[in-house]
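Thanks for coming. Please have a look at the structure on the screen before I start.

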Amino acid sequence: MSNIYPVVQPSTHPATPSDVPKLPKLEPNSARDHHTFKVYKPSSIASPAPSLPLPDEYFDPTAADLKAAQSTLAARTQALVNAPLELRSVREAREQVKRDRWPNTTIRIRFTDRTQLERTFPSTDKIRSVYAFVRNSLREDVKPIKFILYQSPPKRDLKVSDPQVRDLDLAQLQLAPSSVLLLRFEDESLNGSHVPAPLLPDLLAQAVDLPAPPNFDSSLPSGPEKSSVSVSSPTSSSIEKKIPKWLKMGLKKTK
């Protein structure tokens, strides 16, 4: 009995790149991420950044910065000293309370021209998720260029190559519930304040104005209200009424 189904012979030719189906590339403006990011235009209120790259002396901390950093360092040191004395369950419970309090972390990336790119991440994400989002948001010609996300002041680089950074989530990096990160390219020609943010054109088309900060002075009264009661000046008739009779008689005699 003959086989009525055709026999498919395996191809002896290797598959070419054109034969392999291409997967759709996930961009930041896809339907899934459409409502998870925002782009803000450069604010005209903020003072412009210097056009030249900032020297290292610019990032030297002030006395107030050193005092705040010392307080933070002392708190962390005390926490590390007490960590071995705590039970693992107690430590995990404390960390879980923080995650429950801030399940999401809003990260705002500020470019040198003051354009800002914002997205909300789960607090359990690592810093590599932020890097991937920023890189996917860049133009195709800029994506191969390396960049560093950092905080300032005091200056704190958040490098993926640093094991003390890449192994911690956003909450453990003290970035929750919201933080502003600055971006610095290795190519210095992209770091000037006159250089527009090298974002995808469709992202820049969705940019909106940065919300103005609240004006707390408008809620204060302009000044003490003037009293509606008018004080009348004493007239001569009222003065005369108050003069004693014996003084009036003396005045008449002198006339």
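Predicted model: local features only at pLDDT ≥ 70, side-chain atom pairs only at ≥ 80, totals over all residues.

Residues are numbered from 1 along each chain as its sequence is written, and side-chain values use heavy atoms, with hydrogens and water left out.

A nonpolar core here is a set of buried Ala, Val, Leu, Ile, Met, Phe, Trp, Tyr and Cys residues joined through side-chain atoms within 4.5 Å. Buried means under 20% relative accessible area, with a 1.4 Å probe and protein chains only. The largest such core has 32 residues, and Ile109, Ile127 and Val130 have the most contacts inside it. Among the elements that each supply at least two of its residues are strand S2 (104–110), helix H3 (127–137) and strand S4 (147–151). H3 gives the largest share, 5 residues. Helices (H or I, at least four residues) and strands (E, at least two) are DSSP runs, numbered from the N terminus.

Now to S4. Why is S4 largely enclosed by the rest of the structure? Because 5 of its 5 residues are buried. Phe147, Leu149 and Gln151 point one way from S4, and Ile148 and Tyr150 point the other way.

Strands pair if DSSP finds at least two bridges between them. S4 and S6 run antiparallel, joined by 4 bridges, with tyrosine 150 opposite leucine 182. S4 also runs antiparallel to S5 (residues 156–157), with 2 bridges, and there the partner of tyrosine 150 is aspartate 157. A hairpin of 4 residues links S4 to S5.

Technical notes
Buried < 20%, exposed > 50% of the residue type's maximum accessible area, 1.4 Å probe, protein only.
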